[in-house]
Amino acid sequence: MLAGYGVTHVFMVPAVLRRTFAEMERRTNIARIHCHGEKSAAYMADGYARASGKPGICMAQVIGALNLAAGLRDACLAHSPVIAMTGGRDPKTKFRRVYQEVDDVPAFEPITKMNVTIDDVTRIPDMVRQAFRTATTGAPGPVHLQFRGNEGQIDAEEAEMESFVEPQFAHVPPFRPAPEQKHMQAALDLLQKAVRPIIVAGGGVRASGGQPELIALAEALQIPVVTSLNGKDNIPGVHPLSAGVVGSYSRESANRAVNRADLVCFIGTETGGMTTHFWAVPKIGTPAIQIDIEAEALGRNYPLAASVLGDAKAVLASMLAAADKTSSKRRESWIEEIAALRADWYAKYNPLLESTGVPIHPARICHELTRHVPDDAIVVVDTGHAGMWMGGMYDLRAPSQSYIRSAGHLGWAFPAGLGAKAACPQRPVVVFTGDAGFWYHIGEVETAVRWKLNSVTVVNNNDGGNQSKRGFDRAYGGEQTEQARELWTYSKMNFARLAEDMGAIGIRVEAPSEIAPALARALAADRPVIIDVVTDIGALAPTAVT
Ligand SMILES: Cc1ncc(C[n+]2csc(CCOP(=O)(O)OP(=O)(O)O)c2C)c(N)n1
Ligand SMILES: [Mg+2]
């Protein structure tokens with residue numbers, strides 16, 4: 001069934017579903033990526049899913065189930081279709097203190113769309129189909145299948161079963177619900193009448209593959225676009241109508257543009273705290289319209305003048321077909337204002353982007369990535385400072401470049417990048433992470449080497465988690481004690497050397513001029529590469545403006 005759904009990789013820590021693995025080896029070409037931890041296995045499946053739009057599969061035996069559940073939380077927050085399979089309790093022995101066993105099912109409840117137990121072997125086919133259906137439809141998200149037996153031994157039993165699959169659910173989105181015309185027209189009328197409208201495009205646009213329609217509509221009507229962090233690749237940063245990522249981990253020009261708008265059009269975004277900087281960008285009460293595939297999302301945080309239910313790509317296409325381009329005239333001065341906001345931002349931050357300082361300023365890494373990441377690359381970014389630096393300072397240059405990011409978990413990006421590389425082996429994968437983020441799953445360097453998952457990982461290495469510095473400054477009343485730094489710094493580490501010891505290529509970079517040659521060497525290599533960039537622990541990313 002997995003092969004029938006087009007699954008190419010599963011990510012796991014043994015021992016779970018052993019018979020399944022034996023059959024997989026006999027009957028399919030599915031690669032079984034055997035990892036160093038269940039959480040990183042889940043992150044790999046998540047990266048695989050976000051890079052390809054295909055459900056990512058991860059597995060754990062009963063004792064690893066909660067580690068796997070922890071790893072599903074980011075997929076849940078980012079609406080990523082991950083299918084987790086675990087071993088679980090046997091009705092014959094439960095409540096008898098079986099080795100390693102607790103009731104795991106409740107822990108999967110808050111982070112899955114579907115959370116079920118398979119107790120009879122004949123239920124495997126329909127439950128697997130339901131898992132793919134649930135993971136990929138509506139707003140996508142994780143599901144959990146618990147197989148009877150701590151290692152899922154139910155898979156060793158035999159029965160007559162029909163194992164047909166539904167390839168429609170092998171990829172997001174299986175359906176493109178079209179909008180009701182009158183709702184679409186009402187939203188379009190408001191957009192066309194507006195003098196200072198702006199579109200906030202979220203992860204729902206990227207999931208629907210709606211980028212071409214979004215850009216075409218923005219160009220036809222001359223409406224500027226900002227994105228959520230999850231939707232950063234909906235429009236290249238270099239596009240003249242792009243004002244950047246809006247919200248908390250954002251670019252100043254985006255927040256300023258949204259707060260000057262007379263109409264905000266949310267598309268495929270939860271309008272959550274990060275994207276709206278806790279509902280200050282835009283302020284609640286700003287005239288708003290919203291387009292979403294989930295009816296319950298419409299109007300959750302902003303009172304709406306119009307709401308449209310449907311697939312983002314389908315709604316944008318129908319708006320484009322009905323668009324009156326002549327209406328763009330009334331937005332000429334607004335577009336000039338956006339151009340000025342863009343220019344102001346570059347003028348203000350160019351000195352940092354082009355900084356020649358040593359230790360290196362992280363903004364300079366972002367700038368080098370903007371210039372040198374290939375046109376077909378997938379960029380994978382961690383959270384915290386990594387999310388701030390890259391969200392604000394990095395520009396996608398081409399619509400063919402992809403960008404996926406941690407929805408909040410430090411340490412997500414490196415394993416997610418391995419999953420992205422598994423899903424898209426022909427595309428370069430470039431990961432940006434801090435050192436604290438990289439430490440989490442550093443053991444997976446060995447996995448990357450063993451399974452030839454040749455991603456390029458750039459570590460912004462300041463020997464600490466310096467995003468935390470500001471918070472501790474506050475907690476200590478502005479003056480951290482000597483010991484306070486123990487709470488957010490580590491011993492100095494050379495990750496390039498560690499990577500080499502594990503069989504990867506390690507490149508240590510200590511001067512800004514070495515970044516571009518290191519990237520060129522890494523992108524041409526036939527092994528995983530860790531570029532260890534020594535950076536300034538004093539560099540703090542700009543915070544959001546309102
Ligand atoms: C799972 C998890 N735990 C804790 C945090 C809180 N957190 C955010 S950033 C950060 C430190 C980041 O350090 P590093 O990756 O080295 O980046 P830097 O700030 O140094 O650039 C921490 C601990 C988090 N985001 N996720
Ligand atoms: Mg750090």
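Residues count from 1 along each chain as its sequence is written, chains are lettered from A and ligands numbered from 1 in the order in which they are written. For this predicted model, local features need pLDDT of at least 70 and side-chain atom pairs count only at pLDDT 80 or more, while totals for chains, interfaces and linings use all residues; side-chain values use heavy atoms, with hydrogens and water left out.

**Magnesium.** I started with ligand 2, the magnesium ion, and looked up its protein donors (N, O and S atoms within 2.8 Å of the metal, or 3.2 Å for Na, K and Ca; water is not among the atoms, so sites may look incomplete). They are Asp435 (OD), Asn462 (OD1) and Gly464 (O), at 1.9 to 2.1 Å from the ion. Along the sequence the donor residues follow the spacing D-x26-N-x1-G. Asp435 sits in helix α16 (residues 435-440) and Asn462 in the loop between β16 (456-461) and α18 (467-475), so I noted a link between distant parts of the chain, 27 residues apart. My helices (H or I, at least four residues) and strands (E, at least two) are DSSP runs, numbered from the N terminus. Asp435 and Asn462 are both buried, where buried means under 20% relative accessible area, exposed over 50% and partly exposed in between (1.4 Å probe, protein chains only).

**Cavities.** Next I searched the whole structure and got 2 cavities of 30 Å³ or more. A cavity here is a set of points, on a 1 Å grid over the protein atoms alone, where a 1.4 Å probe fits but cannot get out; lining residues have an atom within 4 Å of a point.

I then checked α14 (residues 385-393) itself: 9 of its 9 residues are buried, among them His385, Trp389 and Met393.

**Salt bridges.** My count for the whole structure is 31, taking a side-chain nitrogen of Lys or Arg within 4 Å of a carboxyl oxygen of Asp or Glu.

- Arg50 and Asp46 come to 2.8 Å, N to O; they lie 4 residues apart in helix α2 (residues 38-52), about one turn, and both are buried.
- Asp311 is buried at 2% relative accessible area, whereas Arg176 is partly exposed at 39%.
- Asp375 and Arg397 meet at 2.6 Å. Each lies in a loop, so the pair ties together parts 22 residues apart in sequence. Asp375 is partly exposed at 42%, and so is Arg397 at 29%.
- Arg19, Glu23, Arg26, Arg27 and Glu158 are linked in a network.

**Surface patch.** Last, I found Phe278, Trp279 and Ile284 forming a nonpolar patch of about 320 Å² accessible area together. Patch members have over 30% relative accessible area and no salt bridge; like charges are joined within 9 Å, nonpolar side chains (Val, Leu, Ile, Met, Phe, Trp, Tyr) within 5 Å. Areas are Shrake-Rupley with a 1.4 Å probe, and for residues only the protein chains shown count as cover. Trp279 is in the loop between α10 (273-276) and β11 (288-292) and is partly exposed at 32%.

Note on methods
On a 1 Å grid over the protein atoms alone, a cavity is a set of points where a 1.4 Å probe fits but cannot get out, and a pocket is an open set with protein on both sides within 12 Å along at least five of seven lines; lining residues have an atom within 4 Å of a point. Grid points are joined across faces, edges and corners, and a volume is the space filled by probe spheres set on the points.
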